[in-house]
Amino acid sequence: MSLKWRLLAFVAALLVAAIAVLSALSYWQMKGEIVRGINQEINAAMRDNRAVVELWITQRRDAVSATAARLTDAGTDPVPFLITGKDAGRFDRTFAGYDDKRFIYDLVTEKAPAGFDPTSRPWYKKAIAAREAIVTDPYIFVETQQLGITVARAVEGGKAVVGGDISLEGVVSMVNSIKLHGDGYALLTTRDGKIVAYSQPKSGLKPVEEMLPGFDVSIVKTADDKIALREFDIEGKPKYVAASAVPGADWVLCVVVDKAAVQAPLHDLLWKFVLAGVLIAAIGAPIANLVLSGLLKGLFKLRDALVDISNGRTESMRALAADGRDEIGQTAVVFNRFIESLRDM
């Protein structure tokens with residue numbers, strides 16, 4: 001291979017190496033920016049929406065606590081206070097259960113089934129044991145077949161418990177409205193991994209790993225108020241997942257973002273770098289060829305002159321143009337002196 005083509009190969013290799021290094025640096029920098037950006041978006045979305053859910057729970061707990069505080073006297077008619085508590089907490093209905101097994105609704109026309117014992121109900125036992133406002137695990141209301149909860153609190157002295165039933169329809173709609181870049185969505189689960197809110201129909205109270213195969217339920221069970229971005233496969237696709245506990249209830253808010261969708265601009269950028277490299281090489285090679293041809297023109301003439309001399313063509317013994325100050329020009333000067341010496345001989 002001639003010197004010219006070796007120099008061209010070197011220039012081409014240098015261009016490829018430079019483009020590859022710059023592309024790699026840009027790729028990793030942009031990847032870091034994308035991950036930081038999605039992390040910030042997830043953190044902001046989870047903090048804001050977690051606060052909304054917490055406020056929703058707090059308002060219901062406060063309404064029940066205020067109602068329970070009015071029923072310290074055993075002779076007090078609870079109905080007016082149950083009605084006020086229902087309106088304040090926007091409950092579907094409110095009620096009071098007593099240790100003597102009496103059970104009173106906010107509506108005097110509504111009666112409990114015969115033989116109903118409020119003291120045997122989970123909400124009653126939990127409120128008596130906690131001595132503060134409690135939130136039951138979500139369950140399906142028999143009358144409406146909607147997913148809901150009971151918020152309850154024991155009256156001072158432990159002689160009664162005030163409670164309110166409320167549908168989770170509003171919470172489900174709010175969680176399902178959360179949208180993030182990269183086809184991101186949110187879901188609300190219980191601490192033991194049962195779905196409270198998810199966009200898929202008929203998913204209420206189903207195990208999260210059943211609805212989202214590959215979901216690591218351990219991040220729900222160990223979730224706290226910190227928001228940490230994790231990565232694992234869900235339904236066979238890599239996802240970014242974050243989970244954070246909701247204060248006031250044994251719930252966990254989660255978000256799931258598709259990694260491939262988030263990094264799609266990154267892959268587009270990589271292809272642009274590849275195409276730019278090919279274009280630069282396609283344009284740079286002819287330019288380098290022209291430049292090298294000009295730079296090596298004197299060397300080529302010297303080669304041709306030496307070939308003529310070695311073949312005995314003395315008529316070619318004429319001086320070369322030595323108009324450059326580089327090594328080729330200096331070599332031309334030395335060659336001209338050599339020619340003069342030959343002529344003298």
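Predicted model: local features only at pLDDT ≥ 70, side-chain atom pairs only at ≥ 80, totals over all residues.
Local features need pLDDT of at least 70, and side-chain atom pairs count only at pLDDT 80 or more, while totals for chains, interfaces and linings use all residues. Residues are numbered from 1 along each chain as its sequence is written, and side-chain values use heavy atoms, with hydrogens and water left out. The largest nonpolar core holds 46 residues. A search of the whole structure finds 10 salt bridges. Strand β12 has eight of its eight residues buried.

**Nonpolar cores**

- A nonpolar core is a set of buried Ala, Val, Leu, Ile, Met, Phe, Trp, Tyr and Cys residues joined through side-chain atoms within 4.5 Å.
- Buried means under 20% relative accessible area, exposed means over 50%, and partly exposed lies in between (1.4 Å probe, protein chains only).
- In the largest core, of 46 residues, Ile42, Leu188 and Trp251 touch the most other members.
- Helix α1 (residues 3–69) gives the most to this core, with 12 residues.
- Helices (H or I, at least four residues) and strands (E, at least two) are DSSP runs, numbered from the N terminus.
- Neighbours within four places in sequence aside, Ile42 is in contact with Leu180, Ile227, Leu229, Ala242, Val255 and Val257. Contact means heavy atoms within 4.5 Å.
- A second, separate core has 19 residues, among them Tyr198, Phe215, Phe232 and Cys254.

- Which residues point each way from β12? Trp251, Leu253, Val255 and Val257 point one way, and Val252, Cys254, Val256 and Asp258 point the other way. All are buried.
- Strand β8 (residues 184–190) runs antiparallel to β12, and six bridges join the two. Two strands pair if DSSP finds at least two bridges between them.
- Cys254 in β12 is the bridge partner of Leu187.
- On β11, the pairing with β12 is also antiparallel, over eight bridges.
- Ala242 stands opposite Val255 in β12. Ala242 and Val255 also both contact Ile42.
- β11 and β12 form a hairpin with four residues between them. Gly248 in the turn has a positive phi of about 95 degrees.

**Salt bridges**

- Side chains of opposite charge can pair when their charged atoms come close. Here a salt bridge is a side-chain nitrogen of Lys or Arg within 4 Å of a carboxyl oxygen of Asp or Glu.
- Arg93 and Asp165 meet in a salt bridge, 3.2 Å from N to O.
- That pair links distant parts of the chain: Arg93 sits in strand β1 (residues 93–98) and Asp165 in strand β6 (residues 160–167), 72 residues apart.
- Arg93 is buried at a relative accessible area of 17%, and Asp165 is buried at 7%.
- Asp117 bridges to Lys101, with the closest N and O atoms 3.8 Å apart.
- Lys239 forms a salt bridge with Asp258, with the closest N and O atoms 2.9 Å apart.
- Lys239 belongs to strand β11 (residues 237–246) and Asp258 to strand β12 (residues 251–258), so the pair ties together parts that are 19 residues apart in sequence.
- Lys239 is buried, with a relative accessible area of 11%. Asp258 is also buried, at 11% relative accessibility.
- Shared partners join Arg93, Glu110, Glu143 and Asp165 into one salt-bridge network.

**Asp106**

- Buried or exposed? Asp106 is buried, with a relative accessible area of 3%.
- Asp106 is placed in the loop between β2 and α3.
- The side chains of Asp106 and Lys86 are joined by a polar contact of 3.4 Å.
- A polar contact is a pair of N or O atoms within 3.5 Å; within protein, one must be able to donate a hydrogen and the other to accept it, and residues adjacent in sequence count only if both atoms are side-chain atoms.
- Leaving aside neighbours within four places in sequence, Asp106 contacts Val79, Leu82, Ile83, Lys86, Arg93 and Thr94.

**Positive phi outside glycine**

- Arg90, a residue other than glycine, has a positive phi near 55 degrees. Arg90 lies in the loop between α2 (79–89) and β1. Arg90 is exposed, with a relative accessible area of 66%.
- Leu205, also not a glycine, has a positive phi near 70 degrees. Leu205 is in the loop between β9 (195–197) and α5 (208–211). Leu205 is partly exposed, with a relative accessible area of 26%.
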